[in-house]
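Hi,

Here is the structure I promised to pass on.

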Amino acid sequence: MTQIDGPESLFVTVADGIRIHAALYGPRDPEQPPVVCLPGLARTDSDFSALAATLAARGRRVIAIDSRGRGRSDRDANPGHYNPTVEMLDVLAVLTALAAEPAVIVGTSRGGILAMLMAAARPSAIAGAVLNDIGPVIERDGLLRIKGYVGKLPAPKDHDAGAAILRGAFGAHFPHLSDADWHAWSQRNWVAEDGGRLVAAYDPAIAQTLAAVGPDTPLLPLWDQFGALATVPVMIIRGALSDILSAQTVSAMKVAKPDLEILEVADQGHAPLLNDAETMNAIAGFVARCRQGSRRA
């Protein structure tokens, strides 16, 4: 095993001037595709720190990207740019700048949507994909629940209070997290501004991306985009308590792609945290099976 220090930070300026942050782990290896981690709607690269360190210790290059308006990436003065198409183009710009194609994409929720869009827009960019609790069909109740908290959680006075807020909001979806787990989640969810005040690690204007979602809003399925992954290895991870990705959708994905690898994470909802040994080892094994040129004719 290789000893890995903390990640290197890098910024790529995309076409409209926004700087996109990426955390880089592990050695470059031209014989193996890097792993590119894409977080959820209001999440940051820090969600992948444990997984990235695990993969890097096994010799894999990992690039964890903050979407615009999240983490250390620039916020956008135009909230309309917080949409999957723009964010997908940002990811492709980062991959181009880092000469990181093809890559194995690990996408959580919104990040998995970006992976499917990338597969349709630039198939050569993807050597494999791990879709974490997301698929071609999104459950409306779960999406409405997300709309109910993104940009709306109160700012805590400290991370003990943050842990309590998160436990209250998500405890039913993660019933067995420890006090330390909730505290660590708070540290990923809120960051300290000058003066020590805690603020969300994302632009609250991101909530506007869900403004039009209501109980009767049609949700367009992404079967065509999922189909664009037909020629590469794909793993689907589902939280057993998920209200975003149903077991029925996973079954339909397996019918559409018979070689789909499936992992269900017990006692976790949307989205699995990807930081337990069993899940990280499963992802590492999948990544090891994704080689340069793994795309099938």
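Before the sheet, one bit of bookkeeping: I call two strands paired if DSSP finds at least two bridges between them. Keep in mind, too, that this is a predicted model.

Threonine 13 has arginine 19 in E2 as its bridge partner. The hairpin of E1 and E2 has five residues between the strands, and glycine 17 takes a positive phi near 95° there.

Zooming out, the open sheet is made of eight strands in the order E1-E2-E4-E3-E5-E6-E9-E10, with mixed pairing. Strand E1 (8–13) and strand E10 (261–265) are the edges, each pairing on one side only. On average, neighbouring strands of this sheet are turned by 20° against each other, direction ignored.

Two helices pack on this sheet. Helix H8 (residues 247–256) touches E6, strand E9 (234–239) and E10, and its direction makes about 170° with that of E9. Helix H9 (residues 277–289) touches E3, E5, E6, E9 and E10, and its direction makes about 165° with that of E9.

What do they pack against?

Another helix pair to look at is helix H5 (residues 159–170) with helix H6 (residues 179–189): they pack at an angle of about 100°, with their axes 8 Å apart. An angle from 65 to 115 degrees counts as roughly perpendicular, and H5 and H6 are therefore roughly perpendicular to each other. On the H5 side, the contact includes His159, Asp160, Gly162 and Phe170, and on the H6 side it includes Trp182, His183, Trp185 and Asn189.

Tryptophan 190 is in strand E7 (residues 190–192). Is this tryptophan 190 buried or exposed? At 2% relative accessibility, tryptophan 190 counts as buried. Leaving aside its neighbours within four places in sequence, tryptophan 190 is in contact with residues including His159, Gly162, Ile165 and Leu166, along with Leu153, Pro154 and Leu198. Tryptophan 190 and valine 62 are 24 Å apart in space, C-alpha to C-alpha, and 128 residues apart in sequence.

On cysteines: a search of the whole structure finds zero disulfides. Cysteine 37 is in no disulfide, and the nearest cysteine sulfur, in cysteine 290, is 13 Å away. Cysteine 37 counts as buried, at 0% relative accessibility, and cysteine 290 counts as buried at 1%.

Most residues other than glycine have a negative phi, and most peptide bonds are trans. The loop between H2 and E5 holds proline 102, and the peptide bond from glutamate 101 to proline 102 is cis, with omega near -5°. Alanine 99 is in the loop between H2 and E5 too; alanine 99 has a positive phi of about 50° although it is not a glycine, and it is exposed, with a relative accessible area of 69%.

The loop between E10 and H9 holds alanine 271, and the peptide bond from histidine 270 to alanine 271 is cis, with omega near -5°. Leucine 274 lies in the loop between E10 and H9 as well. Leucine 274 has a positive phi of about 60° although it is not a glycine, and at 2% relative accessibility it counts as buried.

Cheers

Note on methods. Residues numbered from 1 in each chain as written. Predicted model: local features only at pLDDT ≥ 70, side-chain atom pairs only at ≥ 80, totals over all residues. Heavy atoms only, no water. Disulfide = S-S within 2.5 Å. Buried < 20%, exposed > 50% of the residue type's maximum accessible area, 1.4 Å probe, protein only. Helix = DSSP H or I, 4+ residues; strand = E, 2+ residues; numbered from the N terminus. Contact = heavy atoms within 4.5 Å. Axes fitted to C-alpha atoms, helices over the stretch in contact; angles between N-to-C directions. Parallel < 35°, antiparallel > 145°, perpendicular 65-115°, else oblique.
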